[in-house]
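Here's a quick tour of a protein model with a ligand in it.

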Amino acid sequence: MQARAVAHANIALVKYWGKRDDALMLPEAGSLSVALDKLRTVTSVELGGSEDLFELDGASQPTARVRALLDAAGIHQKARVISHNEFPTASGLASSASGFAALAVAACAAAGQERTLEQLSALARLGSGSAARSVPGGWAVWENESARQVFPPDYWDLRFAIAICGAGAKGTSSRDGMRASRETSPYHEAFIEQCRRDLPQALHLLEARDLPALGALAEKNALRMHADALAADPPLLYWQPATLACLHALGDLRAAGVQAWPTIDAGPHVVAICAADDAARVESRLRAVEGVREVLTCAPAGGARLDRMS
Ligand code: PMV
């Protein structure tokens, strides 16, 4: 009645920013992401206690979203869920994708259920949309009920340098931010239509391993998502001064011949996409940016899996 699983968070190159069905957590447009090796979450689930309990990095948390996922899996016993993020949590790096992916895998195993990756991805989606993509891992596409891996992690030797650009104080959550954008931003529909064009184009560029074109597409997609959010009422401003400084630093690097492009989720941190051979240069340039607290360079990672309990 207990199991432990590991999963990696992911970064999207074509963003998910809007639901077509809030209750079912279905996206308005498809998204493309890659799982990141250093952003790892380990979650253990023990069934059969007298009450639900959810602990994240030693602190007790509300259990509603965990319970919703368990109910959807048909698991009605009480659960003790202990989750640990193996990356600096004070940084405010989002961990819901890796957390819910690991939870889906661990909970179903603890309940003795055998489920396909597709079913596990659909379950993880109910915790957090982007978690659907952390179940298959690698390069993943999510359009409907579940996400699928389109290329394995070793397909392309890229690096993702994450510049931590703020203390991580909670701003507006992705869930609230995308709802506000959909309901109030005059640019939202245009962004969603852009994503529908970007996804097939990004897959084509990924297939061709065309880094300059894929990087440029990812940068535009992210800035357009932020344009959508900035135009919400009230406006959603996720950036810090260091966020903007990183965008300029990467532009300077490209002008100097180093191929590195930014993407930004619903927060201040900048993720620079580059070839493995350029990662050291990109990392040291980002470290020199005023306001950048830490830079974490990641490689692509695989999907969620059971972790044998010792
Ligand atoms: O999975 P959520 O609800 O935290 O939403 C993720 C939204 C973004 O990170 C901004 C984009 C994405 O596709 O991951």
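The chain has a radius of gyration of 19 Å, which agrees with the value near 19 Å for a compact globule of 310 residues; that's taken over C-alpha atoms, with the globule rule being 2.2 Å times the number of residues to the power 0.38. Along its principal axes, the C-alpha trace spans about 60 × 40 × 35 Å. Buried residues (under 20% relative accessible area, 1.4 Å probe, protein chains only) make up 53% of the chain.

Bear in mind that this is a predicted model: local features need pLDDT of at least 70, side-chain atom pairs need 80 or more, and totals for chains, interfaces and linings use all residues. Residues are numbered from 1 along each chain, and side-chain values use heavy atoms, leaving out hydrogens and water.

| Residue | Distance to a ligand oxygen |
|---|---|
| Ser128 | 2.8 Å |
| Ser130 | 2.6 Å |
| Arg133 | 2.7 Å |

The protein covers 93% of the 390 Å² of accessible area that the ligand has on its own (Shrake-Rupley method, 1.4 Å probe).

Then there's helix H7, residues 211–230 (helices are DSSP runs of H or I, at least four residues, numbered from the N terminus). At its start, a side-chain oxygen of Asp210 comes within 3.2 Å of the backbone nitrogen of Ala213. Buried residues in H7 include Leu211, Leu214, Glu219 and Asp228.

Notes:
A polar contact is a pair of N or O atoms within 3.5 Å; within protein, one must be able to donate a hydrogen and the other to accept it, and residues adjacent in sequence count only if both atoms are side-chain atoms. Buried means under 20% relative accessible area, exposed over 50%, partly exposed in between (1.4 Å probe, protein chains only). Helices (H or I, at least four residues) and strands (E, at least two) are DSSP runs, numbered from the N terminus.
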